[in-house]
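Visitor: Could you take me through one part of this protein closely, and then show me how that part sits within the rest of the chain? I am new to reading structures, so please go step by step.

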Amino acid sequence: MRQTGGGATTDSASPVLNNVIKSRSYFTAKRVGLGNNSYLGVGRPSSQQWLSLPGSGGQGPKAKKSGSKKKKVTKAERLKLLQEEEERQLKEEEEAHLKYKKEEMERLEIQRIEKEKWHRLEAKDLERRNEELEELYLLERCFPEAEKLKQETKLLSQWKHYIQCDGSPDPSVAQEMNTFISLWKEKTNETFEEVIEKSKVVLNLIEKLKFILLETPSCDLQDKNIIQYQESVLQLQELLHLKFGVATEILLRQASTLADLDSGNMEKVIKDENVTLYVWANLKKNPRHRSVRFSETQIGFEIPRILATSDIAVRLLHTHYDHVSALHPVSTPSKEHTSAVTELVEDDVKNVEKAISKEVEEESKQQERGSHLIQEEEIKVEGEQGDIEVKMSSAEEESEAIKCEREMKVLSETVSAAQLLLVENSSEKPDFFEDNVVDLCQFTTLGGVYHLDILELPPQCKPVKGWMIVEILKEGLQKYTYPPETTEEFETENAFPPIEVTLEVHENVIFFEDPVVVRWDAEGKHWRTDGISNVSYKPKERLVTFSLDTFGPVTLIQDAHINMPYQSWELRPLDVNKVLLTVTTVFTEIQIQIKIPFIIALKEAGLNIFPTRHSHFYVIINNKIPLVEVKAYRQMALLSSAFAFGWSKWNLLCNSTKVVFKW
């Protein structure tokens, strides 16, 4: 049945149609943005308009359009629509809440699983670290044992030196060193060859003293011992140089008998593994003979006219060692550090004494109880005496073990303190140096020292009736002052030009840059770069030519940190107690088999890759805390015979409390 009226057409037989119309009207109102009091914009269908219903099987007559009147939404309908919208929103919010709750539960479950997994890994890692820590304690006993072995080796070396009886003194004993020096001073008229042979013993003693100062832990070195060793080194160096001067005087007395037939002048070259002597005596005083070149070498001088006509001799004494530079100061621990170690040692000694006294008291109590039992029953005495003896022996063994353990602990602390001192950086930069003064903390001397001297020719030997008569000057060999202190007698200003010198660089020295020539200032006790001009270097011939204002000791220097910082390094095991260290720098790659001490030899050859406590003032590096650095070195030393280690670029980026390397 269809009814039409009031501007709306409804079909009472089709309740579905009404619902569809309502729903479509609602969504149309929502789409066009009508308010609650607006019409829904749905025209009333005419009697000829039909709606297609599901299952109707066809399309009915269309309703007529009527736009004159529109249906007004009632208040009840608006409330119903609002209620449906609220229900729909509540349903969506509930579904979203349930979904969020489900996702949150899943996330918490995943976190719980990950946390349990992480706890299991931490527990496993902690167990592994505990096992490794026990192994580390066993491995770290190597350090005090090695120090103990070093001390035993030192005592054995002293014993071997004692039973050899070869006449050489023990450098660590002041009385023997003083006796050796006094006896050698009394010897006179030694030839240059004899002095060279004696110098081998002297140089060996000096190296031993330097090795003691270098290798002995600072905690074991007392100030008086350091002063004693350094004084012995200085006395030996001065005495050796004095002996070379006396031997040169004896040689120059015979200059006339050793004169060259062609030039008429004396020329002598004496070579040894540690010393090379070049001597030229001007016997003819020929002003045209101003170029001096020693035979079979490129070494020589270009002397001015005034020297070519003077009664002089020119000596070049090339010592392959440096006894001119001041001794390097020995690093000593601070008073606080020393007192801390001393207190630690004293505490451990007291603990050992208490433990031993406690064991003795227990043993005495056991003996007293045993004596009471002896008086009561003789049969039980024999068995209990045996038990007491066993307990006493076990107590003695335990006390010895405790004592040994304490000693090893003290030794370990001493070794750690010494190792820590080696890597600690100095807080103060070396003294300020004026212009042209060489800072030996920044530079190092290489190739030894060239002692250039102009000497007054001593009186020559004269044969008289089969005898050789020679006048010996009381003051000994004298140096010729050039230029003289007063030059008023000479007219020309260029009467004393610089002397051109050509030297040969030692074959065992490597220069990565052109060497710098410096001269020794005897008054200031330091090396200087002024007074030297026209320096040229021929690397293939290994010759250095320069002009020198005044003669004296000269040497060649190079930047001590030219190979720092390293570009990379690697430590690989080769065999038991044998590893290969490869260091790559800007100029070279160095491979070292670490078996014996060789630091001094590499430094003297110009391959200095060993930083000192002042190196951080001259090289830009990432300084590490000394304790962290020492611990890293110790672990690498313990495992270097089985594992390979290498540098890491991340070590430069991390802070001072961390050390990063590859293994």
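What share of the contacts in the protein chain with a separation of 6 or more comes from residues 24 or more positions apart? And once that is clear, please look closely at Gln460 and its surroundings.

Guide: This is a predicted model, and in it residues 24 or more positions apart account for 67% of the contacts with a separation of 6 or more. The protein chain has 663 residues, of which 33% are buried, and it contains 11 helices and 20 strands.

Turning to the residue you asked about, Gln460 lies in the loop that runs between strand S8 (443-456) and strand S9 (462-464). Its relative accessible area is 18%, and because buried means under 20%, Gln460 counts as buried. If residues up to four places away in sequence are left out, Gln460 touches Leu252, Arg253, Gln254, Ala255, Ser256, Ile469 and Val470. Two of these neighbours also take part in polar pairings with the Gln460 side chain: it reaches the backbone oxygen of Leu252 at 3.0 Å, while a polar atom of that side chain lies 3.1 Å from the backbone nitrogen of Ala255.

The largest nonpolar core has 37 residues, and the members that touch the most others are Phe192, Leu236 and Phe244. Among the elements that give two or more residues to this core are helix H5 (192-215), helix H6 (223-253) and strand S7 (312-319), and the core draws at least three residues from each of domain 1 (166-253) and domain 2 (255-325 + 433-487 + 497-559). A second, separate core of 35 residues includes Tyr278, Ile532, Tyr537 and Phe551.

Strand S17 (residues 568-575) pairs with S18 in the antiparallel sense over seven bridges, and one of the pairings joins Glu570 to its bridge partner Thr582 in S18. Six of the seven residues of strand S18 (residues 578-584) are buried, so that strand is largely enclosed by the rest of the structure.

Key
Residues numbered from 1 in each chain as written. Predicted model: local features only at pLDDT ≥ 70, side-chain atom pairs only at ≥ 80, totals over all residues. Heavy atoms only, no water. Helix = DSSP H or I, 4+ residues; strand = E, 2+ residues; numbered from the N terminus. Buried < 20%, exposed > 50% of the residue type's maximum accessible area, 1.4 Å probe, protein only. Polar contact = N/O pair within 3.5 Å; in protein donor to acceptor, adjacent residues only side chain to side chain. Contact = heavy atoms within 4.5 Å. Core = buried A, V, L, I, M, F, W, Y, C linked by side-chain atoms within 4.5 Å. Domains from an automatic or database assignment. Pairing = 2+ DSSP bridges.
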